[in-house]
Amino acid sequence: PNRIGQGIEFDYCCVHAAFALKEIGVDSIMINSNPETVSTDYDTSDKLYFEPLTREDVLNIIDQEKPDGVIVQFGGQTPLNLAVPLEKAGVKIIGTQPDAIDRAEDRKRFQQFLQKLNLRQPDNDTVSTLEEALASANRIGYPVVVRPSYVLGGRDMRIVYTDQGIKDFMIAIGGASSLEHPILIDKFLKDAIEVDVDALSDGKSTIIGGIMQHVEEAGIHSGDSACVLPPHTLSAEMIEEIKTASRAMALELGVVGLMNVQFAVKENDLYILEVNPRASRTVPFVSKATGVPLAKLATKVMMGKTLEELGITTEAVITHWAVKEAVFPFDRFDNVDTLLGPEMKSTGEVMGIDDNLGLAIAKAHLAAGSTLPLSGNVFISVRDGDKKAVLPIAKKLVELDFSIIATEGTAAFLKEHDVECEYVNKISQGRPHILDKVQDRQISWVVNTSLGKRTTEDAYLIRRAALDFHIPYTTTITGAGAFVKAVEEVKENEIGVQPVQYFT
């Protein structure tokens, strides 16, 4: 059974793997316990087992079928966790070997691997008790990202700013004293740009499939963040550094098939956040945006073909923009906050493609079910740390003939910097307040940022009202900047439609 954080993107990869095996005359056996997928259609693979992805169940099927080998890198984290246990049971793993997977998964081995390649990662630690967690967080310096090891979709992951936050986290995961699995603590790189790279390697040569720049800053789960392909603000030198680091890691790990790397760029320094020697949830997006079927090619590489034999000797260069936007289920649940964070909340994604970046962003928003207001009142209420960054956005909105409404602190800051705006009460300050304006449909867009668990009741009620009244809302400054760019382009240009093949 699927849960949020285990997306249909991996189903796409498994289907393409089965099709690729069929093309080269190899019978495929699919193991998948979810009937609501294309990989479990009766005509996708040659044989299908509806069984749980556990060591015992998979070994039972292997005893029955006696396959030449098993491919684990297309189904996400769950099958990847089976690689080492299956190899110990004498099963041949096709593609990237379990030891390479363990080097990327095991915190200490991963640290040694990066040090060998002279690559940088955020300061981090592994702890098992509350006392260790507090000592480690204070040594690294707040804010830190805390998470249990072996999680899917960033489950129970938090950005923590204080000792009390560490204590709350340990209680929430049932580890006030000690834990069965260790806790991972990483320095949180505030205001860093996050970058996703999908690469394809045959063990000797590596091709970069795509470099995606996240719209939201580092700290938002990659499955929830909008992203742009190719990167829209990174320098040519930084892009080259990212490619060089990706190729070096693929070669050192001996990757045969797909690899995903998550980078963070902060003040021209490149940090490696995570390396996954498997297909990532971005593979379908990259494949459709570039016209290069990465999962099919990876399957053929795992079956012994070289990239040269497959005719893949140069990297795809695209002249259009492809924008991925996440789709969220918030309106289906009562009392759920729309703030984004390290734990994945999205249940789908859409893509906008255009020769114009602003129009590509606009198409992605429209496809995700959001409206693009071209006039009206924009409500802005942001935390102190975001006030400086929201200033150019507010000025651009005034240029585009929008009126700005803001709460006390934000309004004072904007007026100080010569931005015209109307002051409105917070809900707690008494009526008439902002909620009245939202309910009377006097607001066409809401920009509201907050500190996650430390958010106020006022801010939550505003975000929830925007959701309930189908008013577009943004909870990050970078997301607001992209939204304004989309609105600006839509006001000046007409949105056109082309088949995806036109671009690829």
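Visitor: What percentage of the 504 residues of the protein count as buried?
Guide: The model is a predicted one. A residue is classed as buried when its relative accessible area is under 20%. Among the 504 residues, the share that counts as buried is 53%.

Visitor: What radius of gyration does the protein have, and what would a compact globule have?
Guide: The C-alpha atoms fill a box of roughly 70 × 60 × 45 Å along the principal axes. For 504 residues, a compact globule would have a radius of gyration near 23 Å. The protein agrees with this, having a value of 24 Å.

Visitor: How much of the accessible surface belongs to carbon and sulfur atoms?
Guide: The accessible surface of the protein comes to about 22800 Å². The part of this surface that belongs to carbon and sulfur atoms is 49%.

Visitor: In the protein, what share of the contacts with a separation of 6 or more comes from residues 24 or more positions apart?
Guide: The secondary structure comprises 18 helices and 18 strands. Among contacts with a separation of 6 or more, the share from residues 24 or more positions apart is 66%.

Visitor: Which strands are the edge strands of the open sheet of five strands?
Guide: The sheet has parallel pairing and the strand order 16-15-14-17-18. An edge strand pairs on one side only. The two that do so are strand 16 (422-423) and strand 18 (473-474).

Visitor: Is asparagine 32 buried or exposed?
Guide: Asparagine 32 lies in the loop between strand 1 (29-31) and strand 2 (47-49). Its relative accessible area is 15%. Buried means under 20%, so asparagine 32 is buried.

Visitor: With which side chain does the side chain of asparagine 32 make a polar contact?
Guide: Beyond four places away in sequence, asparagine 32 touches several residues, including Asp11, Ser39, Tyr49 and Glu51. The polar contact of its side chain, at 3.4 Å, is with the side chain of threonine 37.

Note on methods: Residues are numbered from 1 along each chain as its sequence is written. This is a predicted model: local features need pLDDT of at least 70, side-chain atom pairs count only at pLDDT 80 or more; totals for chains, interfaces and linings use all residues. Side-chain values use heavy atoms; hydrogens and water are left out. Two strands pair if DSSP finds at least two bridges between them. Helices (H or I, at least four residues) and strands (E, at least two) are DSSP runs, numbered from the N terminus. The radius of gyration is taken over C-alpha atoms; the globule rule is 2.2 Å times the number of residues to the power 0.38. Buried means under 20% relative accessible area, exposed over 50%, partly exposed in between (1.4 Å probe, protein chains only). Contact means heavy atoms within 4.5 Å. Accessible areas come from the Shrake-Rupley method with a 1.4 Å probe; for residues, only the protein chains shown count as cover. A polar contact is a pair of N or O atoms within 3.5 Å; within protein, one must be able to donate a hydrogen and the other to accept it, and residues adjacent in sequence count only if both atoms are side-chain atoms.
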